[in-house]
Amino acid sequence: MISIAVIVPLIWLAWLVLTEWVPMFPLNDLEASTVKERALMALVNYPIPLLIAGGVALHETWSLAVATGLAVLTVVGHIVSWWLPYFGFSFEAQREAARREYARTLKILPTEGRDVVIDVQHMVVGVLTVAMLGTTVAATLAG
């Protein structure tokens, strides 16, 4: 389980790198943001899965606690960024970002009457985020 719990965050990171840097329209829309904006988001997001994978790999009580905490915060961040706005709980900044950056990306959920609709690219991120939390918790409980 520990091996899987180390690999899943790296897959999560690889998906982010792929979708944030390789043009695959309509899965992503790289024209909607500048290289500088994507680089800034990379500085914020990319260390998180590395810290989670590292924490699990160290397999110390403190490192597993940190990894689990980061995985929980990542799930919370995903919910706050995508699912709460989809169900109507959003800030103007989220709505504007969704209009600017994700208006043209592929969506499979109903868009009618929604200001923010999670696209396929971020649905995959969500699945990987939950998998990352699940494997991290399993590795932590395996002791």
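D29 and R104 pair up through their side chains in a salt bridge, with N and O 2.9 Å apart (a side-chain nitrogen of Lys or Arg within 4 Å of a carboxyl oxygen of Asp or Glu). The two sit 75 residues apart, D29 in the loop between α1 and α2 (35–45) and R104 in the loop between α5 (92–101) and α6 (120–142); helices here are DSSP runs of H or I with at least four residues, numbered from the N terminus. D29 is buried at 11% relative accessibility, whereas R104 is partly exposed at 44% (buried is under 20% relative accessible area, exposed over 50%, partly exposed in between, with a 1.4 Å probe and protein chains only).

The model is predicted, so to speak of local features takes pLDDT of at least 70 and side-chain atom pairs count only at 80 or more, while totals for chains, interfaces and linings use all residues. Numbering runs from 1 along each chain as its sequence is written, and side-chain values use heavy atoms, leaving out hydrogens and water.

The salt-bridge count comes to seven. Another one joins E92 to R95, at 3.1 Å between the closest N and O atoms; these residues are three apart in helix α5, so about one helical turn separates them. E92 is partly exposed at 45%, but R95 is buried at 19%. Shared partners tie E92, R95, E96, R99, R100 and E101 into one salt-bridge network.

As for helix packing, I2, A5, V6, P9, L10, W12 and L13 in α1 touch P49, L50, I52, A53, V56 and A57 in α3, contact being heavy atoms within 4.5 Å.
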